[in-house]
Amino acid sequence: LDAVVLTGGEPTLEDTAELVALIENIKALGLKVKLDTNGTDSSKLATLLPYVDYVAMDVKAPLSKYRQITCASDSELFSIKNSIELLKKTAVDNEFRTTVVPTLTEADLIEIAQTLKGCKHYYLQQYVPVETDSLHSYPPKTIKCMAEEVSKVVPCGIRGV
């Protein structure tokens with residue numbers, strides 16, 4: 001065991017002091033800590049950055065469609081924008097990632113990439129449908145082509161293909 005990932009749900013919904021104490025306890029064991037977040041609480045993310053070794057932020061949609069796709073409130077959308085900017089500037093290693101659900105288009109992914117311009121790492125993740133889901137994954141070849149186009153804007157890798 002080398003590290004612990006704080007994931008969710010959304011870990012930043014938890015009490016800040018409790019999260020910091022948990023992270024400090026984990027680090028006292030000699031382990032690294034990664035935080036997975038959706039970025040909806042940029043102030044808590046800023047507080048946690050000095051304590052973690054890595055942050056992965058999910059970007060679920062282009063900002064122009066975020067409310068429509070995720071039902072995010074205005075304050076959450078504001079915080080997501082702030083979280084993106086915060087992570088682009090921090091010294092803490094981080095990544096952004098988007099699960100490529102079939103409702104997202106290549107144009108959507110390029111718009112996300114434009115928002116992330118200047119980031120260290122961006123990954124497209126293959127969507128895996130569940131049994132009760134009527135959506136289907138994009139074929140691997142399509143994901144690879146999308147990643148090639150996105151790579152013209154930001155460094156882009158692929159997962160799950």
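Colleague: Which elements each supply at least two residues of the lining of the largest pocket?
Modeller: Those are α3 and β4. Helices (H or I, at least four residues) and strands (E, at least two) are DSSP runs, numbered from the N terminus. This is a predicted model: local features need pLDDT of at least 70, side-chain atom pairs need 80 or more, and totals for linings use all residues. Residues are numbered from 1 along each chain, and side-chain values use heavy atoms, without hydrogens or water.

Colleague: What makes up the lining of the largest pocket?
Modeller: Four nonpolar, four polar and two charged residues. Among them are Asp58, Lys60, Ile69, Thr70, Thr98 and Gln125.

Colleague: Why is Glu95 called buried?
Modeller: Buried means under 20% relative accessible area. Glu95 has 3%, so Glu95 is buried. Its place is in strand β4.

Colleague: What makes a polar contact with the side chain of Glu95?
Modeller: The side chain of Arg159, at 2.6 Å. The cut-off for such a pair of N or O atoms is within 3.5 Å, with one able to donate a hydrogen and the other to accept it. Beyond its neighbours within four places in sequence, Glu95 is also in contact (heavy atoms within 4.5 Å) with residues including Tyr54, Met57, His121 and Tyr123.

Colleague: How do you know that the span of helix α4 agrees with its 16 residues?
Modeller: The expected span is 1.5 Å times one less than the number of residues. For residues 74-89 that should be 22 Å, and the end C-alpha atoms are 23 Å apart, which agrees.

Colleague: Which residues of α4 are buried?
Modeller: Leu77, Ser79, Ile80, Ser83, Ile84, Leu87 and Lys88. What covers them includes α2, β3, α3, β4 and α5.

Definitions and conventions: Buried < 20%, exposed > 50% of the residue type's maximum accessible area, 1.4 Å probe, protein only. 1 Å grid on protein atoms, 1.4 Å probe; cavity = no way out; pocket = protein on both sides within 12 Å on 5 of 7 lines; lining within 4 Å. Nonpolar A, V, L, I, M, F, W, Y, C, P; charged D, E, K, R; others polar.
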